[in-house]
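Work through the following exercises with the sequence and the structure side by side, and try each task before reading its solution.

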Amino acid sequence: MARIRVIRAWSWSLWIFCLGANSLWAADTEQGKILHDKACITCHASLMKGHPSLIYTREDRRIQSLAALRKRVQRCSVAAGVDWSQEALEDVIAYLNQSYYHFR
């Protein structure tokens, strides 16, 4: 009986870990696009001479991992003066990853 409890506890712990580790699975990419377009396009257009998506598609792009993308979105949200929740940040990250980066 004790062994079954240990197995159940381990299974629940693993399930909870996987749920948290894969937060992009639960993210709303449509909402991420809306937030991104509202807060990011103007700055990116000024940086990329009127072509905001070039910041993501240029050959020398700086973001090379999901962790780097997450850090950049967090920094840019501060620079843009938006007060996004963690859920909103994850939505934007998921949108950018789905649309441009395709990190796993």
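**Exercise 1.** Find which residues H36 touches, not counting residues up to four places away in sequence, and decide whether H36 is buried or exposed.

*Solution.* Keep in mind from the start that this is a predicted model.
Step 1: once residues up to four places away in sequence are set aside, H36 touches I41, H44, Y56, V92, Y95 and L96.
Step 2: the relative accessible area of H36 is 2%, and because a residue counts as buried under 20%, H36 is buried.

**Exercise 2.** Locate H36 in the secondary structure, and work out which residues of that helix are buried and how they are arranged around its axis.

*Solution.* Step 1: H36 belongs to helix α3, which spans residues 29–39.
Step 1: the buried residues in α3 are G32, L35 and H36.
Step 2: on the face of α3 turned away from the buried side lie the exposed residues E30, I34 and K38.
Step 3: the cover over the buried residues of α3 includes α4 (41–47), α5 (54–57) and α7 (86–101).

**Exercise 3.** Describe what caps the N-terminal end of α3.

*Solution.* The cap is D28, which places a side-chain oxygen 3.1 Å from the backbone nitrogen of E30.

**Exercise 4.** Describe how α3 and α7 are placed relative to each other, and name residues through which they meet.

*Solution.* Step 1: two packed helices are described by the angle between their axes and the distance between the axes.
Step 1: the axes of α3 and α7 come within 7 Å and cross at roughly 95 degrees, which makes α3 roughly perpendicular to α7.
Step 2: on the side of α3, the residues that meet α7 include G32, L35 and H36, while V92, Y95 and L96 are among the residues of α7 that take part.

**Exercise 5.** State how many helices and strands the protein has, and what share of its residues is buried.

*Solution.* Step 1: the protein has seven helices and zero strands.
Step 1: of its 104 residues, 29% count as buried.
Step 2: among contacts with a separation of 6 or more, 64% join residues 24 or more positions apart.

Note on methods:
Residues are numbered from 1 along each chain as its sequence is written. This is a predicted model: local features need pLDDT of at least 70, side-chain atom pairs count only at pLDDT 80 or more; totals for chains, interfaces and linings use all residues. Side-chain values use heavy atoms; hydrogens and water are left out. Helices (H or I, at least four residues) and strands (E, at least two) are DSSP runs, numbered from the N terminus. Buried means under 20% relative accessible area, exposed over 50%, partly exposed in between (1.4 Å probe, protein chains only). Contact means heavy atoms within 4.5 Å. The arc is that of the directions from the helix axis to the C-beta atoms. A polar contact is a pair of N or O atoms within 3.5 Å; within protein, one must be able to donate a hydrogen and the other to accept it, and residues adjacent in sequence count only if both atoms are side-chain atoms. Axes are lines fitted to C-alpha atoms, for helices over the stretch in contact, and angles run from 0 to 180 degrees between N-to-C directions. Angles under 35 degrees count as roughly parallel, over 145 as roughly antiparallel, 65 to 115 as roughly perpendicular and the rest as oblique.
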